[in-house]
Amino acid sequence: MTKGLIFDIQRFSVNDGPGIRTTVFFKGCGLRCAWCHNPESIASYQQLSVDSTRCDGCKRCFDYVKGYGIEMINGKAVIDTNIHDRTLDLVHVCPQGCFSVVGEEKSVDEVVSVIMKDWDYYAESGGGVTFSGGEALNQWGFIEPLARILKEKGLHLTLDISGYDPAGILTKTLGLIDLYLLDVKASSDDIYHKYVGQTLNPEGMLKILASAHKPVILRVPLIADVNDDSRLFDYLAQLNLAYDNIIETNLLPYHTLRKKQQFRLLNEREFFTVADQDRKNFWKNEIIRRQIRHVIMENELLSQ
Ligand code: SF4
Ligand code: SF4
């Protein structure tokens with residue numbers, strides 16, 4: 001049976017849909033958002049992750065690869081992750097545990113058994129399970145049988161989608177998924193091309209979800225001076241008016257807690273301005289002025 005390539009299973013999530021949830025993060029994403037906070041999720045294969053802080057300079061990794069793509073600098077190994085992205089053997093070579101593998105293949109039964117540990121919490125809180133990524137749609141072949149089992153157990157299921165679905169998988173998910181989290185990353189093709197790597201049309205997905213009477217929470221990464229212009233807020237207002245299946249909009253201000261900087265991105269060296277309170281107040285006013293309903297930013301309800 002197909003296995004899923006998963007980079008994390010996070011229990012007790014409270015920001016990925018209603019109640020207490022388990023969020024399953026699938027590896028692999030066709031986009032390259034310059035502000036991505038999960039760069040380890042992008043490649044659709046198992047990857048080497050490096051943490052040199054514990055390196056004692058023993059040189060075993062250097063000797064193992066005969067010096068190719070590793071330099072010893074100031075008594076520590078410096079690994080070129082462009083070259084050793086898939087040299088997973090290094091995990092077994094280093095006595096200090098400086099290497100790990102991101103992404104684990106798991107069976108449906110293995111994932112179900114993790115999820116069912118928290119059944120009581122889901123039942124008490126109105127929670128359930130969220131499939132996220134990366135782009136979870138890319139592994140729908142694995143998620144579908146998993147979702148069927150979870151549905152039979154009565155669990156509420158949420159699917160977190162980036163808005164990029166060139167293979168048209170979304171329609172296959174409608175019979176099993178209760179709630180969708182859909183990204184709105186920009187309001188113009190220019191921004192999509194420059195910062196995301198693909199032009200997206202979240203409205204196309206909203207139409208499909210509206211026809212199937214599926215509730216949607218929009219998730220909007222807000223990056224000062226990149227996508228936070230009036231066109232974006234106008235676009236959100238327009239979507240809000242046109243689709244009453246949008247039950248909530250989450251504004252997600254950019255922050256700098258990028259977790260794994262050794263993972264490469266399209267704009268790896270691009271760092272953005274972290275919004276100050278004045279900028280957040282400006283966003284709040286843009287939302288209120290346009291009467292966009294039920295918008296939340298950093299746990300604050302900006303509009304009813
Ligand atoms: S094997 Fe580990 S501890 Fe030894 S040099 Fe390489 S990274 Fe450092
Ligand atoms: S869609 Fe999500 S996972 Fe993919 S690159 Fe963008 S932010 Fe990262």
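Trainee: Which residues surround ligand 2?

Mentor: This is a predicted model, and in it ligand 2 is surrounded by C29, L31, R32, C33, C36, N38, S41, I42, G133, G134 and S162.

Trainee: How many of those are nonpolar, polar and charged, by class?

Mentor: The shell around ligand 2 has five nonpolar residues, five polar ones and one charged residue.

Trainee: What joins G133 and G134?

Mentor: A cis peptide bond links G133 to G134, with omega at about 15°. Both glycines also belong to the surroundings of ligand 2. G134 is found in the loop that runs between strand 8 (128-132) and helix 5 (140-152).

Trainee: And ligand 1, which residues is that surrounded by?

Mentor: Ligand 1 is surrounded by C55, D56, G57, C58, K59, R60, C61, A77, V93, C94, Q96 and C98. By class, its shell has seven nonpolar, two polar and three charged residues.

Trainee: Changing topic to the whole chain: how many helices and strands does it have?

Mentor: The chain has ten helices and 14 strands. Its radius of gyration is 21 Å, close to the 19 Å that the globule rule gives for 304 residues, so the chain is as compact as a globular protein of that length. Along the principal axes, the C-alpha atoms fill a box of roughly 60 × 45 × 35 Å.

Trainee: What percentage of the 304 residues count as buried?

Mentor: Buried residues make up 38% of the 304 in the chain.

Trainee: What share of the contacts comes from residues 24 or more positions apart?

Mentor: Among contacts with a separation of 6 or more, 70% are between residues 24 or more positions apart.

Trainee: Which residues have the most contacts inside the largest nonpolar core?

Mentor: They are I161, Y180, L182 and V216, in a core of 64 residues. Helix 5 supplies the largest share of this core, namely six residues. As a general point, nonpolar side chains tend to be buried together in soluble globular proteins.

Trainee: What is Y180 in contact with, leaving aside its neighbours in sequence?

Mentor: Beyond four places in sequence, Y180 is in contact with L159, I161, L209, K214 and V216. Of these partners, I161 and V216 are also listed among the residues with the most contacts inside the core.

Trainee: Which residues does the second core include?

Mentor: That separate core has ten residues, A77, I79, L90 and C98 among them.

Trainee: Strand 5 holds A77, then. Which of its residues are on the covered face and which on the uncovered one?

Mentor: In strand 5 (residues 76-79), A77 and I79 form the covered face, while K76 and V78 form the uncovered one. In a regular strand, side chains alternate between the two faces of the sheet.

Trainee: How many bridges join strand 4 to strand 5, and in which sense do they run?

Mentor: Strand 4 (residues 70-73) is joined to strand 5 by four bridges, and the two run antiparallel. E71 has V78 as its bridge partner in strand 5. Their hairpin has two residues between the strands, and N74 takes a positive phi near 50° there.

Trainee: Where else is phi positive, say at Q291 or H294? What are the values?

Mentor: Q291 has a positive phi of about 55° although it is not a glycine, and phi of H294 is near 45°. Q291 lies in the loop between helix 10 (277-289) and strand 13 (295-297), and H294 is placed in the loop between helix 10 and strand 13 as well.

Trainee: Why does Q291 count as exposed?

Mentor: Q291 counts as exposed because it has 11 C-beta neighbours inside 10 Å, and the limit for exposed is 12 or fewer. H294, with 15 other C-beta atoms within 10 Å, is partly exposed.

Trainee: Is L218 buried or exposed?

Mentor: L218 counts as buried, with 23 C-beta neighbours inside 10 Å. Its place is in strand 11 (residues 216-222). Not counting residues up to four places away in sequence, L218 touches L182, V184, I246, T249 and N250. The C-alpha atoms of L218 and D183 are separated by 5.7 Å, and these two residues are 35 residues apart along the chain.

Trainee: Finally, which strand pairs with strand 1 over five bridges?

Mentor: Strand 2 (residues 21-26) does, in the antiparallel sense, and I6 stands opposite F26 there. Strand 1 (residues 4-13) also pairs in the antiparallel sense with strand 7 (residues 104-106), over three bridges. G4 has K106 as its bridge partner in strand 7.

Conventions
Residues are numbered from 1 along each chain as its sequence is written. Chains are lettered from A and ligands numbered from 1 in the order in which they are written. This is a predicted model: local features need pLDDT of at least 70, side-chain atom pairs count only at pLDDT 80 or more; totals for chains, interfaces and linings use all residues. A residue is near a molecule or strand if its C-beta atom, placed from the backbone, lies within 6 Å of it. Ala, Val, Leu, Ile, Met, Phe, Trp, Tyr, Cys and Pro count as nonpolar, Asp, Glu, Lys and Arg as charged, and the others, Gly among them, as polar. The radius of gyration is taken over C-alpha atoms; the globule rule is 2.2 Å times the number of residues to the power 0.38. A residue is buried if 20 or more other C-beta atoms lie within 10 Å of its own, exposed if 12 or fewer, and partly exposed in between; C-beta atoms are placed from the backbone. Two residues are in contact if their C-beta atoms, placed from the backbone, lie within 7 Å. A nonpolar core is a set of buried Ala, Val, Leu, Ile, Met, Phe, Trp, Tyr and Cys residues joined through C-beta atoms within 7 Å. Two strands pair if DSSP finds at least two bridges between them.
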